[in-house]
Amino acid sequence: MKVMIDPKHLQKGMYVAELDRPWLESPFLFQGFRITNIDELEQLDNICEYVFVDPEKSAIPVPSNLSAIPMRSKVNRVKTSIYIKPTPKFETTFEQEYPKAREMYNLSKDNVTNIFGDVRLGRSLDVAEVKYTVTSMVDSIVRHPDAMMLLATLQDKSNQAVTHAVNVCTLAITFGRFLGFEKKELTELGMGALLHDIGETKIPKEILENFSNCNSDDIKTFQDHTTFGAAILHNTKGLPDSVIAIARDHHERANGSGYPQSLSVEQLDIFTMIVAISDVYDNVTTGMYGKPPVPCTETLKNIYVWREDLFD
């Protein structure tokens, strides 16, 4: 199990398996190496904010309590009233929009497959591709959201992580459209929604594929996907702070019972809360992590009941 470590805590003998950036952007010749001298420690500290160490390949013990990533300070959210405006009217009919939406939905899944695959292999996140994908989805949802929403209900189990990312993005943008968000705001919200689980690319596949049988240590490892995701996005140029916050905070809950920082509702912005609700809705209705799917009416009823404790 790889451990994410601040370079200041690295020691000679530790095996660096991954960097927080592509290897080709680093001065190191080999993709994965054991630290043998002070120069390597200084280079890692100078160019990286975090690295992944493999304890099994290290020549010395690697304490698990070293795993950390700097978190942004807890700040009060912007008032939601500045965003919420009247819901715009449909610009086209469902019949006119559906063929365009279907093409866009399928293209979005292909793009997200490539985006997640690149990050899993340690390559840079393609921000231009993310923005193009989300902008195209926003355009369709602004014209008539029901087309993309229908496609989001026709579940594809072949690549659950990708389908979930696109569906949460669709739900979040549609939610934002209902609240009267401008296109710029919808795009920012959509980018955060599409990338909210990008940190799962750093979680072992055996945990993701057998989540229902995970022990407490596995669950803690899974929860680290929020800080992994924030770290990946923090080191990617061209992303708004809200996108990073969504990846880090979408498992926070209004009553402070969430993770990773146990934030309260006053410390969560509206974009993060919209993605949190959309994420739960899609997870519950599709039956992710080995659980049976719950009908949408029952799911919405539960979300409404949870509104004071878990959501806004």
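Start by selecting S242, A245, I246 and D249 in α10, plus F271, T272 and V275 in α11: this is where the two helices meet. By type, the residues of this contact split into four nonpolar, two polar and one charged. Keep in mind as you click around that you're looking at a predicted model.

Now widen the selection to the whole helices, residues 241–249 for α10 and 270–286 for α11. Two packed helices are described by the angle between their axes and the distance between the axes. Here the angle is about 40 degrees and the axes sit 9 Å apart, which makes α10 oblique to α11. Check the handedness while you're there: the crossing of α10 and α11 is right-handed.

Next, jump to the loop between α10 and α11, where you'll find P260. Show the backbone: the peptide bond from Y259 to P260 is cis, with omega near 15 degrees. Then pick S262, in the loop between α10 and α11 as well. S262 isn't a glycine, yet has a positive phi of about 55 degrees. For context, most residues other than glycine have a negative phi, and most peptide bonds are trans. Colour by accessibility and S262 counts as partly exposed, at 43% relative accessibility.

Last stop: helix α4, residues 145–153. Select P145, A147, M148, L151 and A152, the buried residues of α4. Turn the view to look down the axis of α4: the buried residues fall within an arc of 165 degrees, so they line one face of the helix. To see what covers them, bring up helices including α2 (94–120), α3 (127–143) and α5 (160–178).

Notes. Residues numbered from 1 in each chain as written. Predicted model: local features only at pLDDT ≥ 70, side-chain atom pairs only at ≥ 80, totals over all residues. Heavy atoms only, no water. Axes fitted to C-alpha atoms, helices over the stretch in contact; angles between N-to-C directions. Helix = DSSP H or I, 4+ residues; strand = E, 2+ residues; numbered from the N terminus. Parallel < 35°, antiparallel > 145°, perpendicular 65-115°, else oblique. Left-handed = near helix turned anticlockwise from the far one by under 90°. Contact = heavy atoms within 4.5 Å. Nonpolar A, V, L, I, M, F, W, Y, C, P; charged D, E, K, R; others polar. Buried < 20%, exposed > 50% of the residue type's maximum accessible area, 1.4 Å probe, protein only. Arc of directions from axis to C-beta.
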